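User: I have a new structure open and would like to go through it with you. Can we take it piece by piece?

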Amino acid sequence: MFTIFKKEINQFFSSLVGYIAIGIFLMLSALFTFVFPTTSILDSGFASLDTFFSNAPLFFLFLIPAITMRMFAEEFNTGTIELLVTRPLGMNQIIGGKYFAALALVVFSVVPTFIYYFTLSSIAAPAGNVDTGGIIGSYFGLILLGASFVALGAFSSAITNNQIIAFLVGVLFCFLFYMGFDFIAKLPIFVGKTDYFVEHIGINSHYLSMSRGVIDTRDLLYFLSLIVLFLMFTKTALERRK
Amino acid sequence: MHELRFLKFIKSFQNERIYITLRAMSVKVTNLSKHYGKQKAVDNISFEISSGEILGFLGPNGAGKSTTMKMITGFVEADKGQVKVCGIDSLKQNSLAKEKIGYLPENNPLYYDMYVKEYLSFVANLYKIKNVKVRVAEMIEKTGLQREQHKKIEQLSKGYKQRVGIAQALIHNPEVLILDEPTSGLDPNQLEDIRALIKELGKEKTVILSTHIMQEVEAMCDRVIILNKGKIVADNKVSQLKINKSLVVKLKLKGKKAKDLQMDHVKFEDLAGGFIRASSKNADELVEKIFEHCVKQGFVLQHLEQENFSLEDVFKQLTK
């Protein structure tokens, strides 16, 4: 599994996909957090990173499907999947290696933003007066959200040969799980009855709950089961197609 | 007396055992079938190959060559039947069988954005080979990639890409090599090199290769299986196929046609351009006999040649 992981990481950085994805994420998040007046924390009057944590999932919504779109679609398109499957590897190792490589890229892009916390804490009045617990929880939430997006993206890449279709389906899935279920819950047939449950199928309610600084095992369980479920779908899709 | 017999018995047994280990069946396929929808891609085929043998799969497009190979490598699951690679059921004990197989798929898929050395080390690591560096260097030397070893795969010409494909198939020193159209799209020089390499490999390993070029089979293989519409239509030693040919002579006579010629056990038929084809199943020295006959009759011969009834004709006949 580690061999596949290493190969994927090498390919991310030799094809510039890695640098560009990380670069775009950092650029956008820095612009929205510190420069653009409507969302800048410098003008908000509060020592909080809430705007960063509400914008970052939107950047991920596009960037993660862009990272994952070639994961399996390209292997099928060029036929290299045949070589991979005929090696003494299990399907789990192939999926695992590729999944963790994409996840590592997401983590690499999030880690530099830790500097925002130190910036915030030094400009707060009095200095250091920030909600550290809330920020740590938010980071956990953001990584888990990214991890779920990677699983959704992996699945959409496993169902097609075409990278563009994989990207679009990936964006659709991420959107559906991030915000779609919140909108669906507001449909008249759910309101007042099952809207609470429908909302909890989506990622957003769990993400918000983690950003309060409380790491609830129910949220953790939700994210892990979403990831495992979609990786299992990925495996089924791959086995049916080969 | 008894002692002597006993010794003889032991000796024969020992010989037998040596024989068995040398000529062990390395690939055994029994009643293998695969359907795609309603179409039968491979229809109940069985064959065995022993080590040190080069087997050629010959057949028109869509005959089931690639599908059969994909089932042996475990990439495609069979609907029915059994595949044993070195005694291991390749459909059940997947990983073990896969370690015994080196595979070059059709169209030679490679990661074009990787470097030659990087790719070969990646493959070596997948097989958990010790001393990856040494082994990669060995393979580069064996396949003649020294000058190209620091390039990206996408920069290589087709022939060199093919060598990378063969190198990755050989890197774990497999007992069985499965090469799907290993020589397609190569220029004549590259063709010769790759053929020589495959022949060399065939001395110690079991090689199964597929092709639709007849000369290829004649040049490289010990044995040929001709497939058509998913079925085996011929399974012979290449030398046998060549001996089995019936004799055909092509001739041209001034102002005469096939009906003017009469000989025992020889069939004459008209061809385009005034040529006549004479064929016979049991005539030795057919050319000489026809010549004598024409001289006796006073016919003027304009053309007389013996046609080589090659594998190509066998192939055409069997797959019509």
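User: Strand 8 of chain B first: how many of its residues are buried?

Analyst: This is a predicted model. In it, 6 of the 6 residues of strand 8 (residues 206-211) of chain B are buried, so the strand counts as mostly covered.

User: Which residues of strand 8 of chain B point which way?

Analyst: Thr206(B), Ile208(B) and Ser210(B) point one way, and Val207(B), Leu209(B) and Thr211(B) point the other way. Both sets are buried. In a regular strand, side chains alternate between the two faces of the sheet.

User: And what does strand 8 of chain B pair with?

Analyst: One partner is strand 3 (residues 54-58) of chain B, in the parallel sense over 5 bridges. There, Gly56(B) has Leu209(B) as its bridge partner. Another is strand 7 (residues 176-180) of chain B, also parallel and over 5 bridges.

User: What do strand 7, helix 7 and strand 8 of chain B make?

Analyst: A right-handed β-α-β unit, with helix 7 of chain B covering residues 188-202.

User: Now the antiparallel sheet in chain B. What is the strand order?

Analyst: The order is 2-1-4-5, in an open sheet of 4 strands. Strand 2 (39-50) and strand 5 (88-89) of chain B are at the edges. Each has a single partner strand, so one side of each has no neighbour in the sheet.

User: Which helix packs on that sheet?

Analyst: Helix 2 (residues 65-73) of chain B, which touches strand 1, strand 2 and strand 4 of chain B. The direction of helix 2 makes about 120° with that of strand 1 of chain B.

User: How many bridges join strand 1 to strand 4 of chain B?

Analyst: There are 5, between residues 25-36 and residues 80-85, and the two strands run antiparallel. Within strand 4 of chain B, Lys84(B) is the residue opposite Lys28(B).

User: Zooming out, how many helices and strands are in chain B?

Analyst: Chain B has 11 helices and 14 strands. Of its 320 residues, 36% count as buried. For contacts between residues at least 6 apart in sequence, 66% join residues at least 24 apart.

User: What domains does the assignment give for chain B?

Analyst: Domain 1 is 20-242 and domain 2 is 246-319. The C-alpha centres of these two domains of chain B lie 41 Å apart.

User: Switching to chain A: how many helices and strands there?

Analyst: Chain A has 13 helices and 0 strands. Buried residues are 40% of its 242 residues. Of the chain A contacts with a separation of 6 or more, 76% are between residues 24 or more positions apart.

User: What is the radius of gyration of chain A, and what would a compact globule have?

Analyst: Chain A has 19 Å, while a compact globule of 242 residues would have a value near 18 Å, so the two agree. Along the principal axes, the C-alpha atoms of chain A fill a box of roughly 60 × 50 × 30 Å.

User: Last one, helix 5 of chain A. Which residues are buried?

Analyst: In helix 5 (residues 70-78) of chain A, they are Met71(A), Phe72(A), Ala73(A), Glu75(A) and Phe76(A).

User: What covers the buried residues of helix 5 of chain A?

Analyst: The cover includes helix 4 (50-68), helix 6 (80-85), helix 7 (91-110), helix 9 (132-158), helix 10 (163-185) and helix 13 (217-241) of chain A.

User: And what follows helix 5 of chain A?

Analyst: Gly79(A), with a positive phi near 90°.

Conventions. Residues numbered from 1 in each chain as written. Chains lettered and ligands numbered in written order. Predicted model: local features only at pLDDT ≥ 70, side-chain atom pairs only at ≥ 80, totals over all residues. Domains from an automatic or database assignment. Pairing = 2+ DSSP bridges. Contact = placed C-beta atoms within 7 Å. Axes fitted to C-alpha atoms, helices over the stretch in contact; angles between N-to-C directions. Buried ≥ 20, exposed ≤ 12 C-beta atoms within 10 Å, placed from the backbone. Right-handed = clockwise from strand over helix to strand, strands pointing away. Rg over C-alpha atoms; globule rule 2.2 N^0.38 Å.
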